[in-house]
Amino acid sequence: MLLSNTSDSMTGGVPLSVDFDGPEDHFVFIFQILFATATVLVAGTVVIGILATRALRHQNRFIFMLNTSVCDTLVGFSVYYLGLFDVQEGYPSRNGTYNVLPSLLGVNILTFLFAQFDRYFAVCYPFIYSRFITRPFVIGINICCWVYSFAHLLARNLLPLSEAIQLYVFSIVFLQLIVLTKVVMTIKLYVIARFQVERDPPSAEKDSKKESLRIVIFVVISFLLLWCPSFVNIILRFVVGGGLTFRNEATNLFAIMARLNAVCTPSVYIWGSPALREATMRTVWGRVVCHRCKRR
């Protein structure tokens, strides 16, 4: 789907993403505003809830949730630019951010992968896990996700265009291996949750294991379903020479689907974890409601 170019905005700077020539343009613009706001509110709530609750901050699984939610909050803020203005990331780029904002999704991909391995060792090898997988180690892993993603981004921005495109294609191949690993780990975690954990006697630890496995499985499945169409289209464009081309990021249906992970993932966290749900209500929404009641 190839769309026409947009006109300049009233400010004379970066033009808006749509021309407002028809009702679909208004729908796209309003959708991007609502999507960005919802993402910031939901993901930001998870970030505040975890940071403000000591019991959650000291659990490894919530550190992974915190890392992805920070990413998702930044993705929400990025939509205010990528979705409202005429921006085209990638190669060629137009009014782009040197792929800084899209790289946030790369941080999430790596974080989800390590979260899967974390849950696998926590359930299958609890004694080894408690001894070696410490909180500082998990924090270090999450920091490495940021360092790798932006070191790769820095290399692409500093290299000549031809070499940068080659590195970009290589990263696509590398992501294929990550996606395959995520699929295998998701199946393995499902089998563990379905058969191994179910055989354990009733206890709080069993409920915690089931909760954490359920969250990881749902998050990864939703991530793969929403992100894979964009991934396949990128492969078709840069490897095969086919695929679909869109006017900008605001009208790129595949990119929109990929960014929807930023609101789906924290929503799954809140839905799947009663402790996190209680923390967000106590630290964020409960205080908002109380503040409004006092004002009245």
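How many salt bridges does the count come to? Five, by a simple rule: a side-chain nitrogen of Lys or Arg within 4 Å of a carboxyl oxygen of Asp or Glu. Before details, some ground rules. This is a predicted model, where local features need pLDDT of at least 70 and side-chain atom pairs count only at pLDDT 80 or more, while totals for chains, interfaces and linings use all residues. Residues are numbered from 1 along each chain as its sequence is written, and side-chain values use heavy atoms, with hydrogens and water left out.

Helices here are DSSP runs (H or I, at least four residues; strands would be E, at least two), numbered from the N terminus.

Now to helix packing. Take α1, residues 23-51, against α10, residues 261-272. They pack at about 35 degrees, axes 9 Å apart. Axes are lines fitted to C-alpha atoms, for helices over the stretch in contact, and angles run from 0 to 180 degrees between N-to-C directions. The crossing of α1 past α10 is left-handed, that is, the near helix is turned anticlockwise from the far one by less than a right angle. Who makes the contact (heavy atoms within 4.5 Å)? From α1, Phe35, Ala38, Thr39, Val42, Ala43 and Val46; from α10, Ala262, Val263, Pro266, Ser267, Tyr269 and Ile270. That gives 10 nonpolar residues, two polar and no charged. Nonpolar means Ala, Val, Leu, Ile, Met, Phe, Trp, Tyr, Cys and Pro; charged means Asp, Glu, Lys and Arg; the others, Gly among them, are polar.

Next, α3 on α10. Their axes come within 9 Å and cross at roughly 145 degrees. Again, α3 passes α10 in a left-handed crossing. On the α3 side are Met65, Thr68, Ser69, Asp72 and Val75; α10 brings Asn261, Ala262, Thr265, Pro266 and Tyr269.

Finally, cavities. The structure holds two of 30 Å³ or more. A cavity is a set of points on a 1 Å grid, over the protein atoms alone, where a 1.4 Å probe fits but cannot get out; lining residues have an atom within 4 Å of a point. Volume is the space filled by probe spheres set on the points, which are joined across faces, edges and corners.

The largest cavity has about 820 Å³. Of its 42 lining residues, Pro102, Ser103, Tyr168, Trp227 and Ile234 are closest to the centre. α8 gives the largest share of the lining, seven residues.

The second largest cavity has about 140 Å³. Its lining has 15 residues, with Phe64, Met65, Ala115, Val216 and Tyr269 closest to the centre. By class, that lining has nine nonpolar, three polar and three charged.

Terms used:
Contact means heavy atoms within 4.5 Å. On a 1 Å grid over the protein atoms alone, a cavity is a set of points where a 1.4 Å probe fits but cannot get out, and a pocket is an open set with protein on both sides within 12 Å along at least five of seven lines; lining residues have an atom within 4 Å of a point.
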